[in-house]
Amino acid sequence: MGKYTKYLIYFPNGTNICAICQHVFNRQKDSCTTIYNYHFKKHHVNVWHEINGREPEPDNYQPVEKKPRELIQVVEPVWNPHDVQADTPDYAKNTEIYRSIMQLIAGAGLPISFVDNPVWRNFCSVALPKLEYKNENEFKKYELPTLYEEYKMKIVGELEEASSISLSFDRWIDPSNDYQYVGIIARLKMQSGVLIRVIGVVEIKPKNDTGEYLYEKLEELVKEYKIKRKIDFIVKDGSLNVECAARLFGKPSFNCIARKLEFAVKSGAEKSFQSTLDKLLKFRSIFNKSVKAKREYRNIELSMSYFKNYVRHRWNECHDLFKGILMVQQEVDSLTTTTYEDWPKFTREDWTTAQDVLDVLKPIEDATRFVEYGRIGMTSSAIIPLCKVLIREFENINKLRDFCTVFTKILVEELEVYNENEFLQMGMLLDVRFKGDFAEEKWKEHLIDKLMKSAAEGKLQEETQPNDSVRRLRDNPFHRFMREKRSETPQGTKRTQHEIIRAEVQIWFNEASDSEANPADYWERSTSREKFPNLYRLQQEYLHTPAAAPETVGHLPLNRTATSTNRGLMNAEDFSKLLFLQENIRITGLGLEFPPFYFDDNF
């Protein structure tokens, strides 16, 4: 039995597959393991270390005591004993084709019954004549669980590498409203960036539509993945069930700012410009169904499709819709005056309202863009400042006062909740863009108390002696002179830990905030870490958390008809696996890790 045997899957024809990444090895003429050694050393270095021993450590290496890392259990693909191609040379190739077809079904939102469609079978007979065809039941029995385990193993590896994890929830409902699912979304902070993964899908039925049930499922997932100690916080979507589950889970949590802004904008629209918005939505719906209109008015089609497909933030949907329609105002007037009567007609008052809506919503667009940075987006440290800035802006806007009043009222109510959240307050105080400009004095004192508590636990920096740099110099005449001079200088009394911390915090708040700085870049500078060593250690807990729940790319309504069809063809467990695959299509490299910016200012 070879040393790589337990990581390989053997087939009767002599070929074998890597059980970790499904790489196919050709049949070997002898017992040579060179090809396996090269593959595992390059692609699975941890497994290679375990088999062949650890790499030699450098001379200055100091081992760190930590809990031994458990090996990921290798899950072998489900073996189909009835597969008639198990003894053929093309088995490995056919296996990869079946895997790709399953990815196509999951990623494109196709009904799984599509594999039994006569047209598809005809295509396979022409394009893949050597492929032994599998029917719907075989795909559900063998290919679906195999691909699910493959995706899950990759996510387990990513979760182990992540330094911190945040959780959020997204509810999916099928068109008939017969089935509801809650996706549990994890945002992974990796050394190279940020990853977003759906780690679980929970079916919600009327009898278990409770916060306690959602909490139980969340605990099961966290225990299975062994990630509870890495979870920093939970972003809530505002529903009562998620609120209950987050409270029972016991981790810091706050309401998603994106959902709150979306609710405030929609509520304000109902009191102010709903009639114009309804016309716009009706126009877009009719236009998208009219082949003739799309052919004759290409600019309108471009504008509608552009803003339909590239809505990055939910609360900006109204802004994007009105901006898109105003860019093609003349074409829209020309179209609606020369077509059938069922097309909505935009009056002069409608166009004036549209421009007013764009002007009123612009502060939201400007403010949210201002507090975003890089690929991380908006962090939780910006939530309280953003709310205060928007409240002030909308109190001074003279247009669409009904909208502004409703929007401000909702934001003021939510700000009261945010103001009592310690996690958000600490993040804001440690953000170089805001510091104490938006905080009350009690939270500044709370920051000092938190630092003192960490000092008592031995986590903070001791005071350094003056002229430490002198001790690092070589022993030369200048060094001896400076050392003697220092011994003649009277030394002051060593300060207490409380005095050290209070002085550091005082210096931090005395320096002006930099509203255009990147917090991550600021704290990565050696000068910042040396000047504020205690604050630097504390900010690592607060400044890398997103302000809003990440939105998945797939979403249940990817293909509404296919979704309902698949749920009728599958049991709850298999359908949850299919949604899991659909939402994690990014793992294959076929999906974007981050949504693109939704428009360019020069468009």
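Residues are numbered from 1 along each chain as its sequence is written, and side-chain values use heavy atoms, with hydrogens and water left out. As the model is predicted, local features need pLDDT of at least 70 and side-chain atom pairs count only at pLDDT 80 or more, whereas totals for chains, interfaces and linings use all residues.

Helices (H or I, at least four residues) and strands (E, at least two) are taken as DSSP runs, numbered from the N terminus. Two strands are regarded as paired if DSSP finds at least two bridges between them. In general, strands of a sheet pair through backbone hydrogen bonds, either parallel or antiparallel.

An open sheet is formed by five strands in the order β6-β5-β4-β7-β8, and its pairing is mixed. Because β6 (193-204) and β8 (253-255) stand at the edges with a single partner strand each, one side of each is left without a neighbour in the sheet. From one strand to the next, the twist averages 25°. Strand β5 (residues 180-190) pairs with β6 in the antiparallel sense over eleven bridges; M190 has G193 in β6 as its bridge partner. Helix α26 (residues 572-583) packs on this sheet, where β4 (164-173), β5 and β6 are touched by the helix. Contact here means heavy atoms within 4.5 Å. The direction of α26 makes about 160° with that of β6, where axes are lines fitted to C-alpha atoms, for helices over the stretch in contact, and angles run from 0 to 180 degrees between N-to-C directions.

A further open sheet has three strands in the order β1-β2-β3, with antiparallel pairing. Its edge strands, β1 (8-10) and β3 (24-25), each pair on one side only. Three bridges join β1 to strand β2 (residues 16-18) in the antiparallel sense, and the bridge partner of L8 in β2 is C18.

Residue exposure is classed by relative accessible area: buried means under 20%, exposed over 50%, and partly exposed in between (1.4 Å probe, protein chains only). By this scheme, helix α12 (residues 317-327) is mostly covered, with nine of its eleven residues buried.

The structure holds 26 salt bridges, a salt bridge being a side-chain nitrogen of Lys or Arg within 4 Å of a carboxyl oxygen of Asp or Glu. In one of them, the side chains of E243 and K236 meet at 3.0 Å, N to O. E243 is partly exposed, with a relative accessible area of 31%, whereas K236 is buried at 9%.

Another salt bridge joins K399 to D356, with the closest N and O atoms 3.8 Å apart. K399 lies in the loop between α15 (383-395) and α16 (401-419) and D356 lies in helix α14 (residues 348-370), so the pair ties together parts that are 43 residues apart in sequence. K399 counts as partly exposed, at 37% relative accessibility.

E422 and K450 also form a salt bridge, the closest N and O atoms being 3.0 Å apart. Since E422 belongs to helix α17 (residues 422-429) and K450 to helix α18 (residues 441-456), this pair ties together parts that are 28 residues apart in sequence. Both residues are partly exposed, E422 with a relative accessible area of 31% and K450 with one of 22%. Finally, E96, R99, E150 and K154 are linked in a network of salt bridges.
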